Amino acid sequence: MGTSSLRFISRLILFAYIASHFGHAHKQPNYYGKVIGTLSNYAHGIKGDVYAVDDTTIFIKGFCYDGSGPAAYFWVGNSSSPNPNGYAVPYPEMKETGGRRQPEALRAYNYTDIFLKLPDGKRIRDIKYLSVWCSRFTVNFGDVYIPENLKVPKTRTLPEFSRLAHGLRSGNITILDEKTIYIPNLHYDGAGPDAYFWVGNGSEPDPFGIKVPNEKKTLSPLRGYQGEDIEIILPGNLTVYDIDWLSVWCVLHKHNFGHVMIPKDLDVPPALGQTQITPPWWYEPTSSTPSPPLSKHELTNCKEMLGGRVQVQWEMIGEDIQIRVSGRINEDQYVAFGLSGREGKAEMIGSDVVVVAYNSRTGKFIAEDYYLSDYAQCDGRKGVCPDMRVGGKNDVTLVHGERKNGVTTVTYMRPLQTNEPEKDRIIPESETSVIAAIGPLNLRGEANAHHSFDKTTEDIRIDFTSRNVHECTNSLYDLPDTSDIKPWPVAVITNETTFSARIGPAGGKRGYSSITGQPAWGIAWYINDLLIPEITVERGQTYTFIVEGGNDPANPARYHPFYITDSLEGGFGQKKEEEQMAQRVYAGVKYNAEGYPYPTAAGRYCEWVHKTVDMSADMETFENYFETLRLECDKGEPAKLVWTVAEDTPDLVYYQCYVHNHLGWKINVVNSAQAALPLLSMVTAMFVIGMITFIR
């Protein structure tokens with residue numbers, strides 16, 4: 001088969017994939033609601049197409065009127081034709097006249113889009129016509145009649161969120177219009193590490209969904225909610241007609257905390273701004289919204305990088321470009337942003353970047369021109385070097401710096417073209433590949449080359465001549481500043497032979513991730529009501545674990561069989577065969593007649609849940625944090641895992657979840673006291689013999 005044929009088949013597969021994941025057709029382009037009709041023109045150039053948006057709202061698309069009538073109003077009534085017995089629909093607003101409020105007469109309009117809200121609780125079903133009516137001369141300038149049996153779009157009430165994990169629950173969810181969803185009485189503990197409102201297609205939530213901004217119009221991971229009523233708006237051109245479900249979904253661990261299905265027979269109002277007014281793209285209505293060093297509108301473009309932790313804004317000003325880089329970083333870290341070393345690829349070597357940071361040692365902000373010739377500390381000749389250290393100059397001018405709520409923001413200017421072609425690239429007037437990285441500052445206050453620093457890996461392209469690129473939906477300032485949060489001490493269990501094993505929250509920044517250095521996904525094992533304690537066992541002894549981690553494989557968020565392994569990661573059941581063979585299991589897994597493994601310790605589900613929201617950041621000790629939790633258990637019986645520690649068991653093993661990675665922690669294995677007695681007796685005997693010999 002030729003290359004062209006393979007390319008054709010690949011495209012067919014891609015198109016099929018796209019079609020399968022965006023199964024609903026959009027209601028229709030330019031959907032304004034149910035068509036009522038077109039305004040007739042009897043005088044004064046009346047024009048406009050009229051739609052029923054919802055049962056109280058009328059939309060006129062492209063309204064025209066020359067404005068020369070002495071007292072013209074939008075006029076409705078329930079008679080067979082317009083007459084003085086109708087009443088005015090205020091537009092644009094009521095005005096004070098003679099001590100009382102009355103509608104304002106219409107001025108001239110030229111293809112203007114108009115919303116009319118029926119007054120005094122009236123509904124479209126209560127009227128038979130809409131007219132442009134002159135009340136002074138009782139003349140009808142133009143009208144349209146409401147069709148009989150007009151089916152007006154209405155809000156649609158859905159069930160509540162299913163309750164699968166992290167205390168998620170809500171009241172009945174309502175679709176207000178094709179883009180706006182109202183979620184009443186929302187409860188969620190906020191402990192998911194990477195949870196978002198998530199929409200997509202199919203019979204249930206899956207990883208191929210799309211993030212939906214929260215009620216503050218940001219894409220920050222979801223905080224905790226305690227019975228709040230919120231509204232969320234679907235992003236971009238997406239509408240409820242394009243999706244099958246709405247969920248709260250953990251992107252990092254691909255888990256559904258709860259969802260609601262979207263019916264296919266919706267007939268909801270269009271999203272024309274009548275539900276709520278969307279703020280400007282840059283506005284964040286929170287107390288932590290920064291006062292910008294330069295007015296926000298001066299930088300008309302914004303792009304997110306590194307998972308939303310870095311935002312870059314820019315504006316061309318003559319032969320220069322002004323750039324503002326904001327990053328959620330520590331005081332001892334930097335953000336590097338600039339042109340990739342290779343077009344069409346994220347390449348650090350050969351890149352031309354500007355490093356921005358706040359140097360806490362000097363109390364100054366940094367905006368420094370760098371050239372990256374190698375992944376190494378700058379030695380004055382090559383490496384990650386400021387231009388000034390390798391014979392060049394800093395072509396960047398610092399404009400302003402600010403550090404607030406854990407976010408460093410630095411604004412700088414640089415020319416589009418410098419006189420150092422060997423170190424500085426020309427910023428083209430077309431799309432170009434850019435890179436960003438986060439790393440530590442060294443003692444010199446320079447960007448330190450570091451093997452584990454975060455950097456872009458995909459090809460990200462920016463046209464620096466563009467205007468109104470609004471791709472920053474996340475608010476860095478919405479995220480809590482956790483730089484001063486200290487982890488809890490590691491809990492220890494010794495001299496115990498029976499253990500309870502239940503599920504509980506991972507403890508945020510103070511808990512699992514800080515203790516283990518491994519990623520947490522919101523929950524972890526609680527052993528004897530302690531968060532991932534280190535357990536000490538003795539070889540030759542028998543131990544019993546009473547396991548309550550869930551026994552329903554159909555609900556993976558509540559299915560956590562317990563097992564003991566030499567794997568720091570766990571998750572034996574999700575591994576490929578070769579990965580399973582590389583992992584040694586000591587208890588909790590058996591094999592069936594066909595040779596397939598299965599877990600043996602999967603009892604009823606018991607979980608320590610938040611009484612309100614996750615308060616780990618506010619609790620200095622785990623004991624205080626534990627008081628904020630309550631135990632919830634399903635009906636059923638626990639499982640029992642009995643483990644006799646073999647003599648060849650290594651000194652360090654782990655208790656883990658059979659299905660998921662990173663839920664457990666260490667078991668330290670030591671020799672038993674009985675095993676040590678013969679050795680002690682031998683030493684004692686030798687000591688006695690030695691003493692007798694010495695005395696003789």
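Which strands each supply at least two residues of the lining of the second largest pocket? In this predicted model, they are β13 (180–188), β16 (225–233), β42 (606–610) and β43 (629–633).

**The pocket**

The volume of the second largest pocket is about 380 Å³. Its lining is made up of 23 residues, and those nearest the centre are Gly167, Leu168, Arg169, Arg630 and Glu632. The table sorts the lining of this pocket by residue class.

| Class of lining residue | Number of residues |
|---|---|
| Nonpolar | 8 residues |
| Polar | 6 residues |

Strands of a sheet are paired by hydrogen bonds between their backbones, in a parallel or antiparallel way. Strand β39 runs antiparallel to β38 (residues 562–565), and 2 bridges join them. Within this pair, Ile564 has Ala587 of β39 as its bridge partner.

**Ser340**

Ser340 lies in the loop between β22 (333–339) and β23 (352–359). Is this residue buried or exposed? Ser340 counts as buried because its relative accessible area is 0%, and the cut-off for buried is under 20%. The side chain of Ser340 comes to 3.0 Å from the backbone nitrogen of Glu347. Leaving out residues up to four places away in sequence, Ser340 touches several others, including Lys345, Ala346, Arg425 and Val434.

Note on methods: Residues are numbered from 1 along each chain as its sequence is written. This is a predicted model: local features need pLDDT of at least 70, side-chain atom pairs count only at pLDDT 80 or more; totals for chains, interfaces and linings use all residues. Side-chain values use heavy atoms; hydrogens and water are left out. Helices (H or I, at least four residues) and strands (E, at least two) are DSSP runs, numbered from the N terminus. Buried means under 20% relative accessible area, exposed over 50%, partly exposed in between (1.4 Å probe, protein chains only). A polar contact is a pair of N or O atoms within 3.5 Å; within protein, one must be able to donate a hydrogen and the other to accept it, and residues adjacent in sequence count only if both atoms are side-chain atoms. Contact means heavy atoms within 4.5 Å. Two strands pair if DSSP finds at least two bridges between them. On a 1 Å grid over the protein atoms alone, a cavity is a set of points where a 1.4 Å probe fits but cannot get out, and a pocket is an open set with protein on both sides within 12 Å along at least five of seven lines; lining residues have an atom within 4 Å of a point. Grid points are joined across faces, edges and corners, and a volume is the space filled by probe spheres set on the points. Ala, Val, Leu, Ile, Met, Phe, Trp, Tyr, Cys and Pro count as nonpolar, Asp, Glu, Lys and Arg as charged, and the others, Gly among them, as polar.
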